[in-house]
Every structure is written in C-alpha cells, then in structure tokens.
Amino acid sequence: MTGEEAGGARCGGDAQDGHCATCADEARPATVLRLLDGGFADVDTGGGETERISVALVDARPGGTVLVHAGEAIGVVT
C-alpha cells in the first residue's frame, strides 16, 4: 500500500530505520496530537514527524499512544 492509498499521507520513511507509520511492515507507536472529523487523527510518529491516520477502530484520545499499521490505528497502548 502506498502512502496515497492510505489516506493521502506521503511516505518518506524514517531516517533512523527506514520505516514510517503509514506503510511499515509492522505496527509502530505514535502519540495522538489531535482528533479530527471522520475518524482521523494527527499523530507524532517520533522525531518531530506528524502523520494523519485513521483511528476509526480504536478509542484514541489526545496525548494517548496508539499502534499504527498501514495508516490505521490498530490498538491503544495503556
């Protein structure tokens, strides 16, 4: 899945490990910055990088941490 297929986010990869929250082959933690209409949120994926993801499947809250795979939050870290 390309970044465009995952809601329009651009995938540039993470400078440290070559992965990004949008298209990584594994779930990556991200901090929820703000919830948006339509089940989306802006998240901090680390290193000052911000991405827009879907949080439709989880009970995400600003300040919380979610696990992201292919542009979708698939779990909440407690």
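Select R61 and D59 first: these two residues form a salt bridge, with the closest N and O atoms 3.1 Å apart. A salt bridge is counted when a side-chain nitrogen of Lys or Arg lies within 4 Å of a carboxyl oxygen of Asp or Glu. Side chains of opposite charge can pair when their charged atoms come close. Both R61 and D59 are exposed; by relative accessible area, exposed means over 50%, buried under 20%, and partly exposed in between (1.4 Å probe, protein chains only).

Before continuing, note that this is a predicted model, in which local features need pLDDT of at least 70 and side-chain atom pairs count only at pLDDT 80 or more, while totals for chains, interfaces and linings use all residues. Residues are numbered from 1 along each chain as its sequence is written, and side-chain values use heavy atoms, with hydrogens and water left out.

**The whole chain**

Display the protein chain by secondary structure. The chain has zero helices and five strands, in the order β-β-β-β-β along the sequence. Helices (H or I, at least four residues) and strands (E, at least two) are DSSP runs, numbered from the N terminus.

Next, colour by pLDDT, the predictor's confidence in each residue from 0 to 100. The protein chain averages 80, and 69% of the residues score at least 70. Select residues 1–10, where pLDDT stays under 50. For this segment the model has 11 contacts beyond four places in sequence, a contact being heavy atoms within 4.5 Å.

**A charged network**

The structure holds four salt bridges in total. Select R34 and D42, whose side chains meet in one of them at 3.0 Å, N to O. R34 is partly exposed at 41% relative accessibility, whereas D42 is buried, with a relative accessible area of 8%.

R52 forms a salt bridge with D42, and their closest N and O atoms are 2.8 Å apart. Because R52 lies in strand β3 (residues 49–54) and D42 in strand β2, this pair ties together parts that are 10 residues apart in sequence. R52 is partly exposed, at 45% relative accessibility. Through shared partners, salt bridges join R34, D42 and R52 into one network.

**The interior**

Which residues make up the largest nonpolar core? Select A30, V32, A41, V43, I53, V55, V58, A60, V66, V68 and A73, the 11 residues of that core. At least two of its residues come from each of β1 (28–36), β2 (40–46) and β4. Such a core is a set of buried Ala, Val, Leu, Ile, Met, Phe, Trp, Tyr and Cys residues joined through side-chain atoms within 4.5 Å.

Now centre on V58. Leaving aside residues up to four places away in sequence, V58 touches V66, A73, I74, G75 and V76. Of the 78 residues of the protein chain, 29% count as buried.

Finally, select L67, I74 and V77, which make a nonpolar surface patch of about 230 Å². Patches are made of residues with over 30% relative accessible area and no salt bridge; like charges are joined within 9 Å, and nonpolar side chains (Val, Leu, Ile, Met, Phe, Trp, Tyr) within 5 Å. L67 belongs to strand β4 (residues 65–69) and is partly exposed, with a relative accessible area of 31%. Accessible areas come from the Shrake-Rupley method with a 1.4 Å probe; for residues, only the protein chains shown count as cover.
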